[in-house]
Amino acid sequence: MKLNKKVVSLIVAASMLSANGAVFGATASNFSDIPNDWSKTAIENAIENGLLVGDNGLVKPQDNLTRAQMAAIVNRAFASTVKADISKFTDVASTAWYYNDMAKSVQMGTFAGDGAKLNPENKITRQEAFAVLARAFKINDGKDSDLANYADASSVASWAKGSVSAMIASGYVSGSDGKVLPTANITRAEFAKVMDNMLKSYIKTAGTYTTVTEGNVMVDAAGVTLKDVTINGDLILGDGIGDGDVTLDNVKVTGRLVVRGGGENSIHITGSSSLSNIIVSRVDGGVRIQVAVGSTVQELNAADGEEIIIDGAVGNVQVTGESINVNLKSATVSSVDVTGANSTLTVDKDSKVSGTVTIADAADASKVVVEGTVATIQSSAANSTVTVGETGKVSSVDVKAGAEGTSVTVAKGGTVSTVVAAADGVKLSGEGTVSTVNVSGNNTTVNTNNTKVTVAAGVTGTTSGGSAVSAGATTTTSSTASTTTTTTTTVPSSTGGGGSSGGGGSTTTTAKYKITFTSGAYTLNFTPNQTTTLKSAVSGYIANVERYVTNSTASSENKTKALADLTKLNDMTKNNGNISTTNADVINWLSKVTSITTTGTYTYTTLDKVKTDMIADYNSGMTLASFIGKYGKTITVVADGKTITITAVSVIS
């Protein structure tokens, strides 16, 4: 028998946090101090939905919220249960009432602390609260222009600007008297109002629901089916779903579907459902998104999770999180963009990517495994790996300059029509079919059978089937890839040389790899015969630096490891230029900048403003990808008497 339930406040005898830490069930009628003002409805909803409670008949709306209290409220909103190990934090006693809630918040990724402390008893500021909510609801950073109408916009901390502007742009926060008041503490009433703006209804019991209220909807229980409804806002599948199932049957979501809960066989999109944007952010396991025939999903963002399985038709897939396994199983996808480092995309034998799989330069050490069909794979990431299995078919693999150390392996039965090797140190191997390889990067190795290899002028270090291939020549490997038959083809010098050097010429031409990090912005010059060993080792250290040092949420332990790697990097390159690692050195170098030319989106005015903004972004922990997007992929900087041009950025900090 079908259940027909109107989604209202569905909590019965909810567990609620009191001001002194006690937990009990309550309704709005239990409290005598609920104000009859702008906050009344929000406070009543927060009480009824189990988010907020007071003590001894008082809800204390004007009291400032502590970090622990906010953690508890957010945990209840998402029904989170999984706890992280927080033994490293010295200020959270295991006997404290908030111990479990702080452990849940760390697991959720809403609270990170400073590596040693979580400061649970501190009052939380408005900008801190907004940052926590933006993380929980997976809201992308807003723009500086979103703060333009607020008189105190300059008071918003650089690390909080994205979150505060996002909350304003989304309509969840409006400020007061033309001010956003970022550093002021947030009261219980104010926070209740923000939560009421963000969530209009909660579904906390299993069943089939055919009506919903207007606004964002939270589902916190497994076994829920939404049928024949339109959600005018976001639909959030909370942590409380665990490994359970949720079904969307003929459901339209005008906003986003945020998936924080659900297991490896659990999120079913059926009927004529229509979703424009799915964000998968399960932090404690894997999840499957199953899209039935007749439903449409325009975009899916794999932001967090151990394994994300996509089954069915999806438009664009974005892999933005680090170290995520995304598996396409019986899937049809238009395109895939990988920007998260160390992530793996697997296309099974029954899946197809009709467009391009793009591996961005920030996605170092990412892997693509193809057992099905992919039109094009395009990689700009160093040390990336492309594996084509025995049933895999790829029309072209394009290894861009800057993707040094990329390997392409084609198993017996697998096919790749064309490989373009524009980076240095590209390796091709396997018993499968690779028809054509066009080489414009140095030190390329081709060990596939019956492959036609064409080497551009000025390129050095190419081998095919174990034999050297001269610049400007074309060769075809034998069936055993052990001998070569070579015919020489003249390649015009105007096509340029290989790798990062950007120019043609003889084998004595220096291949330049440009790295900028902290005080010394140096061009490291490695001659071609040094590239394979030295550059390969350097790239591994750079990957750690990018992943840890430029990540504002990285642990102190990981940052320590990265600095240790930098020490090794410094030792390796000391004959070419010293690479420093301290914040003070960064600021010292930036203070000596005399001119900057860029291709980024940043609008340059005075040089002082440029320096101020760059320093602020560095101190905020801006990621490499964000820095490049803002200040430019190609940057020419004159500082401290040195002129550098960054054309293939490995690290910016």
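Trainee: What volume does the second largest cavity have?
Mentor: The second largest cavity has a volume of about 80 Å³, where a volume is the space filled by probe spheres set on grid points joined across faces, edges and corners. The structure is a predicted model, in which local features need pLDDT of at least 70 and side-chain atom pairs count only at pLDDT 80 or more, while totals for chains, interfaces and linings use all residues. Residues are numbered from 1 along each chain as its sequence is written, and side-chain values use heavy atoms, with hydrogens and water left out.

Trainee: How many aromatic pairs does a search of the whole structure find?
Mentor: The search finds two aromatic pairs. One of them is Phe78 with Phe137, at 5.0 Å centre to centre and 65 degrees between the planes.

Trainee: Which parts does the pair of Phe78 and Phe137 tie together?
Mentor: Phe78 is in helix H2 (residues 67–78) and Phe137 is in the loop between helix H4 (126–136) and helix H5 (161–169), so the pair links parts 59 residues apart in sequence. Helices (H or I, at least four residues) and strands (E, at least two) are DSSP runs, numbered from the N terminus.

Trainee: Why is the pair of Trp97 and Tyr98 called edge-to-face?
Mentor: Rings of Phe, Tyr and Trp (its six-membered ring) pair if their centres lie within 6.5 Å; planes under 30 degrees apart count as stacked, over 60 as edge-to-face and the rest as tilted. The centres of Trp97 and Tyr98 are 5.3 Å apart and their planes stand at 80 degrees, so the pair is edge-to-face.

Trainee: How do you know whether Trp97 is buried or exposed, or in between?
Mentor: Buried means under 20% relative accessible area, exposed over 50%, and partly exposed in between (1.4 Å probe, protein chains only). Trp97 has 34%, so Trp97 is partly exposed. Tyr98 has 6%, so Tyr98 is buried. Phe78 and Phe137 are both buried as well.

Trainee: What makes you say that a charge sits over the ring of Phe78?
Mentor: The rule asks for NZ of Lys or CZ of Arg within 6 Å of the ring centre and within 35 degrees of the ring normal. The charged end of Arg260 is 5.4 Å from the centre of the Phe78 ring and sits over that ring. Arg260 is also one of the residues lining the second largest cavity.

Trainee: Why is H4 called mostly covered?
Mentor: Nine of its eleven residues are buried, including Phe130, Val132 and Leu133. The cover over the buried residues of H4 includes H2, H5 and H6. After H4 comes Lys138, whose phi is positive, near 55 degrees.

Trainee: How do you know that strands E17 and E18 pair?
Mentor: Two strands pair if DSSP finds at least two bridges between them. Strand E17 (residues 325–338) and strand E18 (residues 344–347) have four bridges, in the parallel sense, and Val326 has Leu345 in E18 as its bridge partner. E18 is also joined by four bridges to strand E20 (residues 367–370), again parallel, with Thr346 opposite Val369 in E20.

Trainee: In what sense do E28 and E31 run?
Mentor: Strand E28 (residues 452–455) and E31 run antiparallel and are joined by three bridges. Lys452 stands opposite Thr476 in E31. In strand E31 (residues 473–477), four of the five residues are buried.

Trainee: What makes Asn301 buried, and which residues does Asn301 touch?
Mentor: Asn301, in strand E15 (residues 299–304), has a relative accessible area of 12%, so Asn301 counts as buried. Contact means heavy atoms within 4.5 Å. Leaving out residues up to four places away in sequence, Asn301 touches Ile278, Ile279, Val280, Gln318 and Thr320.

Trainee: Why is Ser170 called partly exposed?
Mentor: Ser170 is in the loop between H5 and helix H6 (188–198). Its relative accessibility is 37%, so Ser170 counts as partly exposed.

Technical notes:
On a 1 Å grid over the protein atoms alone, a cavity is a set of points where a 1.4 Å probe fits but cannot get out, and a pocket is an open set with protein on both sides within 12 Å along at least five of seven lines; lining residues have an atom within 4 Å of a point.
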